[in-house]
Structures are given as C-alpha cells and as structure tokens.
Amino acid sequence: MYSIPRELERTGRERERDQMEIKSKVLVIGGTGYLGKRLVKASLGQGHETYVLYRPEIGVDIDKVQMLLSFKEQGAHLVQGSFNDQRSLVDAVRLVDVVICAVSGVHIRSHHILLQLKLVDAIKEAGNVKRFLPSEFGTDPAKMEDAMEPGRVTFDDKMVVRKAIEDAGIPFTYVSANCFAGYFLGGLCQPGHIIPSREHVSILGNGKEKAIYVDEDDIATYTIKTVDDPRTLNKTLYVRPPNNILSQREVVQIWEKLIGKELRKSTISSEEFLAAMREQDYAEQVGLTHYYHVCYEGCLTNFEIGDEGEEASELYPEVEYTTVEKYMKRYL
C-alpha cells in the first residue's frame, strides 16, 4: 500500500513552526551605538548567529574596540565594512539573512539616515537578504507629514529611505519604538535633562498629552523578535507597552511617589517653548521640534494602528517589558 510521506502528513502549522525555529543570521550595522549595542546583545541572546559591521575608520577609539571585542567573546562575528566602500557592504550583507541598521539619526550626536541609501543598493545587489530593518526606532515618519521645520528633516529623510527600500522590492520591517526611556524618563520629559530632579520640574503645556516610554533593552528585544516573524513582514511594528502610555504629569507623579516628595512645578506654554527653541542652534532645534510634537501635540498616540502595522506587546506577550515605575527606580 502506498504510504504518504511523513513530510506531507505534517500540517502547515508544524511546517511554519519548524521554519520559525530556524534562526536567521543577523547583521547589525551601528552595533557600537546607543541602541546598536543592545540589538547585538538581544540578537545573541535570542540565539541568532550575529554579525557586527565595524568600520576601518574606527581608528584608536578604544571604547568601541573594546566593545567589539566583547561582542566577539560572546559569539558575534566581526565584519569589516564601510559606507565609503560599497563592495565591502555587499560582501557583508551576503553573509546574512537579515540586516538591521542602527546608525544615528539624532542631530545633536550625528545624522546619517541617508547613508542607508548605499546600504539599500548593497542589499539589492547582493540579492539574498530576506528582511531589512532600517534605522527608525522613534516616531513613525509616515505619520509626520505635517511636522514643523527644522525637525521634519528627520522624518523626511527616513521616508526617502523607505521609498528606496520599497522601490527596490526589499522585504522590510519598520520599528516605531516611540520615546527612549533614558532620554525622556530620565529628565521627566524635559529637554536637556537626563537625571530626574528631586526639587523642580517644568511642565510642558498642560502636561496631559500622552506619550509612550520604552526601555531601550526592550526595544532591542522586540526588534529581534520580528526578524523571523511573518506577521511583521512588510509592516511597521509599533512598540506600545500599555502600562507605559502616560502623560508627563503621570510620569512626574510616579517619580514623586518613589522619592516620597512633591516637586515644585512651573509650566512652559507652547509659545514660550517655540520662542526658546528658535534661539538654539540647528541641531538643537531639530530635537526640540520632536519634543514639541510629542509633548504638546501627542503625536505618538493620536492615531490607531491600522492594517499596515502590528503592536509589539500584543504579538509578544511573553516579553516582560519594563514599566515606567520600574525603570525610574534606578535613579533612586
């Protein structure tokens, strides 16, 4: 009697599960940066064969060299490459299945978003990459078409990269991780502050617009979970931990509870904020524009996630994300 081969007996669910168990090889570009180092750690921690691109221009930056060596000790492969050497980029991406770019898009540090166009060309030429996650990780640029100058340059540049990716037919996942906790919670949502005061806080506007605060390690964890997940292919992953959707006043109240003391408060109107912003240099104005849209307009929470997106904490309920209160305890 003819017997059905075991492979054909297996259900589609079983085959999908087996495919999920085959971990993709991951290349992280910008792996020594603020988020990049966390992406490398998360990729290794989740069992992916992980490659880290390092630039020959690293020179005598001993801190970055030591970090790279620590990645190597943890099992990562170090690959030399540079945006100034297109062949090196092509050779690097040919080693892997997934490319994650974490180059800086913050003007007060460095702004290299459009360099990714060279990476798009390299991925297109290599022809083997099954998913690309470009450097985004903040506000969804597709929702910021009415953003103010000069801050809109960040969103415009990211949309240029998105268009190049999609025009090239490269599979993608975009990650919108909203507010990095270290920048926003550390300063009680005040620009220019990264350690919370025990005396005074300036409330932006009425302080009631909701924002979303995410531990940077959690951002990395969620990002790596997407790389082999068909549910996030060609979609935007929004990181919206439900307990971390809070107003500035609610963040301040959590801090006051932790320190057992009420802070003195003053308010900064939108007009005052914008007037002070215009006195700053260009890079500062870019960042302050982003604060304005988040804290005065509530740009992170004024829309629903549609069919083009997925929400991270719903897709991955097994991740025990860091709450705002838990995060802020480190400052005690």
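**Close-up views of selected residues and helix contacts**

**View 1. Asn178 lies in the loop between β8 (173–176) and β9 (179–180).** Here, as in every view below, helices (H or I, at least four residues) and strands (E, at least two) are DSSP runs, numbered from the N terminus. The model shown is predicted, so local features need pLDDT of at least 70 and side-chain atom pairs count only at pLDDT 80 or more, while totals for chains, interfaces and linings use all residues. Residues are numbered from 1 along each chain as its sequence is written, and side-chain values use heavy atoms, with hydrogens and water left out. The phi angle of Asn178 is near 65°, which is a positive value in a residue other than glycine. With a relative accessibility of 9%, Asn178 counts as buried, because buried stands for under 20% relative accessible area, exposed for over 50% and partly exposed for what lies in between (1.4 Å probe, protein chains only).

View 2. As background, most residues other than glycine have a negative phi, and most peptide bonds are trans.

**View 3. Ser43 belongs to helix α3, which spans residues 36–45.** Because its relative accessibility is 0%, Ser43 counts as buried. When neighbours within four places in sequence are left aside, Ser43 is in contact with Val26, His48, Thr50 and Ile224, where contact means heavy atoms within 4.5 Å.

**View 4. Helix α5 (residues 86–93) crosses helix α6 (residues 116–126) at roughly 55°, with axes that come within 8 Å.** That angle makes α5 oblique to α6, since angles under 35 degrees count as roughly parallel, over 145 as roughly antiparallel, 65 to 115 as roughly perpendicular and the rest as oblique. The axes are lines fitted to C-alpha atoms, for helices over the stretch in contact, and the angles run from 0 to 180 degrees between N-to-C directions. Gln86, Arg87, Leu89, Val90 and Val93 of α5 meet Lys118, Leu119, Asp121, Ala122, Ile123, Glu125 and Ala126 of α6. Sorted by class, this contact of α5 with α6 has seven nonpolar, one polar and four charged residues; Ala, Val, Leu, Ile, Met, Phe, Trp, Tyr, Cys and Pro count as nonpolar, Asp, Glu, Lys and Arg as charged, and the others, Gly among them, as polar.

**View 5. Helix α7 (residues 152–167) and α12 pack at an angle of about 80°, with their axes 8 Å apart.** This angle makes α7 roughly perpendicular to α12. Val153, Thr154 and Phe155 of α7 make the contact with Tyr282, Val286 and His290 of α12. The residues of this contact divide into four nonpolar, two polar and no charged.

**View 6. The axes of α11 and α12 cross at roughly 165° and come within 10 Å.** That makes α11 roughly antiparallel to α12. On the α11 side the contact is made by Ser270, Phe273, Leu274 and Met277, and on the α12 side by Gln285, Leu288, Thr289, Tyr291 and Tyr292.

**View 7. Phe273, Leu274 and Met277 are the buried residues shown in helix α11 (residues 270–277).** They cover an arc of only 95° around the axis (taken from the directions from the helix axis to the C-beta atoms), which puts them on the same side of α11. The elements that cover these buried residues include β10 (200–204), β14 and α12 (282–295).

**View 8. Ile268 is placed in strand β14, residues 264–268.** Its relative accessible area is 24%, so Ile268 is partly exposed. Not counting residues up to four places away in sequence, Ile268 touches Ser202, Ile203, Leu204, Gly205, Phe273 and Tyr296. Although Ile268 and Leu204 are 64 residues apart along the chain, their C-alpha atoms are separated by 5.1 Å.
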